[in-house]
Amino acid sequence: MLKLLNTELFLNYLKPTLIFILAGLCEIGGGYLVWLWIRENKSVGIGILGFIILGVYGLVATWQPANFAKTYATYGGIFIVMSLAWAWKFDNYIPNKFDLIGVLIIFFAPR
């Protein structure tokens, strides 16, 4: 019984969460590398790597079991949170109260 619960927990909650995180890392990380190439005058190799990672993002998103609309709507909220975390870590951007309020509205607004 416990093994069944663990398998069900993984398939229903942990696996989709890990896929969303991987997708976010690919999209944000790939976009960041392209940004560095264009805006920070880094090498073209950095830009090419960014484009490849962005392509991987498109593939990773298809691994979700839900349909396209549900997957991308859910991912939108996760993307916002991950983007703020990325900006905080890599650009020393500290989210302000409006950033945080927006995140709270997305996650906790009644459906």
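Which helix does I106 lie in? I106 lies in helix α4. Helices here are DSSP runs of H or I with at least four residues, numbered from the N terminus.

This is a predicted model, in which local features need pLDDT of at least 70 and side-chain atom pairs count only at pLDDT 80 or more, while totals for chains, interfaces and linings use all residues. Residues are numbered from 1 along each chain as its sequence is written, and side-chain values use heavy atoms, with hydrogens and water left out.

**Stop 1: the nonpolar patch**

Stay on I106. Its relative accessibility is 31%, so I106 counts as partly exposed. The cut-offs are these: buried is under 20% relative accessible area, exposed is over 50%, and partly exposed is in between (1.4 Å probe, protein chains only).

Together with I106 they make a nonpolar surface patch of about 540 Å². Patch residues have over 30% relative accessible area and no salt bridge; nonpolar side chains (Val, Leu, Ile, Met, Phe, Trp, Tyr) are joined within 5 Å, and like charges within 9 Å. A salt bridge is a side-chain nitrogen of Lys or Arg within 4 Å of a carboxyl oxygen of Asp or Glu. The areas come from the Shrake-Rupley method with a 1.4 Å probe, and for residues only the protein chains shown count as cover.

Colour by helix next. Both α3 (68-90) and α4 (97-108) supply at least two residues of the patch. The largest share, four residues, comes from α4.

**Stop 2: the core**

Select A23, Y57 and Y75. These have the most contacts inside the largest nonpolar core, which has 14 residues. Such a core is a set of buried Ala, Val, Leu, Ile, Met, Phe, Trp, Tyr and Cys residues joined through side-chain atoms within 4.5 Å. The elements giving two or more residues to this core are α1, α2 and α3. Helix α1 gives the most, with eight residues. As a general rule, nonpolar side chains tend to be buried together in soluble globular proteins.

Centre on Y57. What does Y57 touch, not counting residues up to four places away in sequence? Y57 touches A23, C26, E27, Y72 and Y75. Contact means heavy atoms within 4.5 Å.

Move to T71, in helix α3. T71 has 5% relative accessibility, so it counts as buried. Leaving out residues up to four places away in sequence, T71 touches F20, A61, Q64 and A66.

**Stop 3: the rings**

Show the aromatic side chains. How many aromatic pairs are there by the ring rule? The count comes to eight. Rings of Phe, Tyr and Trp (its six-membered ring) pair if their centres lie within 6.5 Å; planes under 30 degrees apart count as stacked, over 60 as edge-to-face, and the rest as tilted.

Pick Y32 and W86. This pair is edge-to-face, at 5.5 Å centre to centre and 70° between the planes. Y32 lies in helix α1 and W86 in helix α3, so the pair ties together parts 54 residues apart in sequence. W86 is buried, with a relative accessible area of 18%.

Then pick W37 and F51. Their ring centres are 6.1 Å apart and their planes are at 75°, so this pair is edge-to-face. W37 is in helix α1 and F51 in helix α2, and the pair links these distant parts of the chain, 14 residues apart. W37 is partly exposed at 26% relative accessibility. F51 is also partly exposed, with a relative accessible area of 47%.

Now select F20, Y57, Y75 and F79. Ring pairs link these four residues into a cluster.

The C-alpha atoms of S83 and Y32 are 10 Å apart, although the residues are 51 apart in sequence. S83 is partly exposed, at 23% relative accessibility.

**Stop 4: two loop asparagines**

Go to N41, in the loop between α1 (2-39) and α2 (44-61). N41 has a positive phi of about 55°, although it is not a glycine. N41 is exposed, with a relative accessible area of 69%.

Finish at N92. Where is N92 placed? N92 is in the loop between α3 and α4. Its phi is near 55°, a positive value in a residue other than glycine. N92 counts as exposed at 67% relative accessibility.
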